[in-house]
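Please read the points below with the coordinates open.

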Amino acid sequence: MAKQFIPLSSSILVAVISLFLVSTLVPGVGSIGVNYGTVANNLPPPPQVAHFLLESTVINRVKLYDANPDILKAFAHTGIAVTVTVPNDQIPRLTKLNFARQWVEDNVQPYTPATNIVRILVGNEVITTADKMLIGNLVPAMQTLHTALVAASLDRRIQVSTPHSLGVLSNSSPPSSGKFRLGYDIHVLKPLLSFLRATKSPFMINPYPFFGCSPDTLDYALFRPNAGVLDENTGLLYTNMLDAQLDAVFSAMKVLGFDDLEIVIAETGWPSMGDSPQVGVDANVASEYNGNLKRHVSSGAGTPLMPNRTFETYIFALFNEDLKPGPTSERNFGLFQPDMTPVYDIGILRPTARSSIPNNPTPVPRVAPSNPTPRSSKRKQWCLPKTGADDNALQRNIDYVCGLGLDCGPIQQHGACFLPNTVRAHAAFAMNLYYQSTGNNDSDCDFDQTGAITNVDPSYGKCQY
């Protein structure tokens, strides 16, 4: 049957041309989104946020950590692609079809298609919670949710996926040797990847060079000129840490036969403020990372193992969130202050919005400790598990720290601290690694009251803490 040609009205034609021009003339449009977190008591109302993103920025993707109805209503008729999340604690119930259908009926159908909901995420970093019930129910929950979307005729419009931390990898260096953690690889991740392939959905990962870098690797983490790191297995040279992290994930997927799937960067970012003596934590460095990130993932250069690609990327985060627990840096990943003035500009403001802010805004100063003590005069301390701490809690500590991208190589097989091969010994290394990397703040050794600070060096043999 011949296709019938239907002429476009002049108004529709103008709209189509405008969209084309925006997508071709504004670098990175179509690939850069933001994580819209709400762990704060001073954020602007959702309608104001939606209007700001639409009118003043080139951001056209937003990822939520829930399915907040006020936010979903606010983004109606904006065209901004919205990703919503089913919280971790609802995963077991989501395996029941009646609950999944009700969830879709309550949290999706009232808002679509006015609100452009494009993806539902089942949980966040579920595998590295070490919660066996959540992990065991993850893939069935995703499958059941997809079935509910099919029943509502929304499966072609809305994808289902779930984001992972780098803690799903047992090995990431060199990138070509990337592997998923033993046990989870076959029993959880392979079925998950099969589901993603069948539903044409992406594998989503949260890589953070910020948590994986040291003073010696800061240039490498920030995309600055550097000597690079050679993968001796492939002969490929890595000039930035993000590429290495992404290729380690790609290699792990390839081992299981799923190197054809799209990879989406669900979270990455850099804080603009932190606790002394953290290295590279200020507004200028955060601007440098996120600006270079935006250019790199949108350039089409790809990575050494995935050349000629762009990556859909969600910067963490839209706003600074003043109620987030943990070190100062956790509350200062935002691109914008709660009053929607930029913490720094990485080129996502439209020209009219950019002209209203200073060309060289004063960098936000780092927060010094309330009682600053010169590092050289401060007695060395370490963070270790408390006597009697539960192994399951300690395993969660390991998964959390290693999932941040910190170097847990020493407690992996053949590492200097692998033996004794016990949860407690590995947790001691991981908890102290986090404590040292965040500036030796007492609060960073809490770990849900399973950690304690000691003045006794726990190092032994070649295992150095």
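**Notes on a strand and a helix**

1. Ile265 stands opposite Thr313 in E13. From E12 the chain crosses through helix H11 (residues 283-298) to E13, and this β-α-β crossover is right-handed; that is, with the strands pointing away from the viewer, the path from the first strand over the helix to the second runs clockwise. Helices (H or I, at least four residues) and strands (E, at least two) are DSSP runs, numbered from the N terminus.

2. This is a predicted model, in which local features need pLDDT of at least 70 and side-chain atom pairs count only at pLDDT 80 or more, while totals for chains, interfaces and linings use all residues. Residues are numbered from 1 along each chain as its sequence is written, and side-chain values use heavy atoms, with hydrogens and water left out.

3. Strand E13 (residues 313-315) pairs with E12 in the parallel sense over two bridges; pairing requires at least two DSSP bridges between the strands. Strand E9 (residues 203-206) also runs parallel to E12, joined by three bridges, and Phe203 stands opposite Ile263 in E12.

4. Six of the six residues of E12 (residues 263-268) are buried, meaning under 20% relative accessible area (1.4 Å probe, protein chains only).

5. Helix H10 (residues 241-255) is largely enclosed by the rest of the structure, because 13 of its 15 residues are buried.

6. At the start of H10, a side-chain oxygen of Asn240 comes to within 3.2 Å of the backbone nitrogen of Leu242. After H10 comes Gly257, with a positive phi near 90°.

Terms used: Buried < 20%, exposed > 50% of the residue type's maximum accessible area, 1.4 Å probe, protein only. Polar contact = N/O pair within 3.5 Å; in protein donor to acceptor, adjacent residues only side chain to side chain.
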